[in-house]
Amino acid sequence: MENGASGTRYMSLALRLAQRARGQTSPNPAVGAVLVRRGRIVGTGYHRRAGGHHAEVEALRRAGTKARGATLYVTLEPCNHTGRTPPCCDAVLRAGVSDVVAATRDPNPRTNGRGFARLRQAGVRVRTGLLGPAARNLNAPFEKAMRTGLPLVIGKVGQSLDGKIATVAGQSRWITSRAARRDAHRQRAQVDAILIGINTALADDPRLSVRGIAHRQDRPVKVIVDSRLRAHPRLQCLRGAPAIIATTVRKPGQARALAQAGAEVWVVPGRAGRVSLTALCRRLAARGLQSVLIEGGGEVLASAVHERLLDRVVWYIEPVLLGGRAAPGALGGAGVAQLAKAARLRDVTVRRLGTTVCLTGRVVYPR
């Protein structure tokens, strides 16, 4: 087993391999694997899509007989159950791998330590924790879905410097720069679903598609929060990838027309006449949609904050001043009366995208 800098280098490579399939493997995690024997890499692999070979199996196939006596560096605990593919632990043992170094434990209750136990019982030396935080961050949507039954929720906003997402006349295309919009499409390509409110759907009629970036054809699923079921079948976002309309009312005729346009209509529990985002998110996670990008509008985003669902933000800020008391802001809702009750950001990063400043961070709520 390689130690120190060498081990870190091999695990870093495994993480880079896993990163290649980010957004492509859901509801499975993104995993990378590297096989090392006598200081030389003899096989590499990564999980490319759900239902395809797992990273360990791909690396073992490339290594062939050189896997015997080798050390396997893998970003996630090898599975010990049969899903769409056989257990990876079986393949590791058959190949004669002597050591396994895993970045982190699999939070899936079907594995969660059982893979490590199986390997150790068979005489394989197992070490865990190498670059664990990076591995968990890579699979944050999978981690959250497995541990809480909820998807990772990301808020994406494009706004003016003074906090407006449209002019007083409702014009919003385009506030941010072309470089920022390209980055926004990369964000879309990495999530399972895009969520907007019905007001945004009716006012802007967005396609909610991924353009200019390679992505899964069945992703992202479009989700419209439409408490009173006002959506009509001609909306552009109902074309292409699957679409879900979440409502609190039953209107059979309207639901049939939307279904004929390709949308599923979900009746979900409500809060004060509005769709409960928590109930909706639980259903999305149960459907295998483990990451949700909220793109608008301000009321939906405020509800996500109020229900403490928002995990991360991607905030594009353009140095332009729109003004106007009636111009919509990035965050609606009732707001907070005391600063101590405000949600804050941690692990903040700032990037420059053309003329736009992009701020990302993890949302932390007060106790």
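**Entry 1: what sits over H2**

I started with helix H2 and asked what covers its buried residues. I found that the cover includes strand E1 (32-37), strand E2 (40-46), strand E3 (71-74) and helix H3 (88-95). This is a predicted model, so I keep that in mind throughout. H2 itself runs over residues 55-63, and seven of its nine residues are buried, which makes it mostly covered. I noted the buried ones: Ala 55, Glu 56, Val 57, Glu 58, Ala 59, Leu 60 and Ala 63. Just after H2 I came to Gly 64, where phi is positive, at about 60°.

**Entry 2: the chain as a whole**

Next I zoomed out. I counted 11 helices and 16 strands in the chain. I looked up how far the C-alpha trace reaches along its principal axes, and the spans are about 70 × 45 × 40 Å. Then I checked the radius of gyration: it is 23 Å, and this agrees with the value near 21 Å that a compact globule of 367 residues would have.

How many of the residues count as buried? I got 51% of the 367. The chain exposes about 17,600 Å², with carbon and sulfur atoms supplying 49% of that area. I also looked at contacts with a separation of 6 or more, and 69% of them are between residues 24 or more positions apart. For the charges, I have 60 positive and 22 negative in the chain, and their mean positions are 1 Å apart.

**Entry 3: the largest nonpolar core**

A reminder to myself: in soluble globular proteins, nonpolar side chains tend to be buried together. Here the largest nonpolar core has 30 residues. Which residues have the most contacts inside this core? I wrote down Leu 195, Val 223, Leu 280, Leu 284 and Leu 310.

I then listed the elements that each supply at least two residues of this core: strand E6 (152-160), strand E7 (193-197), E8, E9, helix H10 (277-286), strand E13 (291-296), helix H11 (298-306) and strand E14 (310-318). H10 gives the most, with four residues.

Leaving out residues up to four places away in sequence, Leu 195 touches Val 223, Val 225, Leu 280, Val 292, Leu 293, Ile 294, Glu 295, Gly 296 and Val 300.

Another reminder: most residues other than glycine have a negative phi, and most peptide bonds are trans. So I went looking for exceptions to this general rule.

I found a cis peptide bond from Arg 173 to Trp 174, with omega near -5°. Trp 174 is in the loop between E6 and helix H7 (178-189). Arg 219 and Pro 220 are also joined by a cis bond, with omega about -10°. Pro 220 belongs to the loop between helix H8 (198-204) and E8.

For positive phi, I checked Arg 38, which is not a glycine and has phi near 55°. Arg 38 is in the loop between E1 and E2. Buried or exposed? Arg 38 has a relative accessible area of 77%, so it is exposed.

Leu 208 has a positive phi too, near 60°. Its place is the loop between H8 and E8. Leu 208 has 2% relative accessibility, so it counts as buried.

**Entry 4: two buried loop residues**

Where is Ser 227? I placed Ser 227 in the loop between strand E8 (221-225) and strand E9 (243-247). Why does Ser 227 count as buried? Its relative accessibility is 13%, and buried means under 20%. Apart from neighbours within four places in sequence, Ser 227 is in contact with Ala 246, Thr 247, Thr 248, Val 249, Gly 273, Arg 274 and Val 275.

My other pick was Thr 111, in the loop between strand E4 (99-102) and helix H4 (114-121). With a relative accessible area of 0%, Thr 111 is buried. Which residues does Thr 111 touch, not counting those up to four places away in sequence? I got Glu 77, Pro 78, Cys 79, Asn 80, His 81 and Asp 106.

Last, I took a distance from Thr 111 to Pro 206: their C-alpha atoms are separated by 40 Å, and the two residues are 95 apart along the chain.

Methods:
Residues numbered from 1 in each chain as written. Predicted model: local features only at pLDDT ≥ 70, side-chain atom pairs only at ≥ 80, totals over all residues. Heavy atoms only, no water. Buried < 20%, exposed > 50% of the residue type's maximum accessible area, 1.4 Å probe, protein only. Contact = heavy atoms within 4.5 Å. Core = buried A, V, L, I, M, F, W, Y, C linked by side-chain atoms within 4.5 Å. Rg over C-alpha atoms; globule rule 2.2 N^0.38 Å. Areas by Shrake-Rupley, 256 points an atom, 1.4 Å probe, with all protein chains shown as cover. Lys, Arg positive; Asp, Glu negative; His and termini not counted. Charge placed at Lys NZ, Arg CZ, Asp CG, Glu CD.
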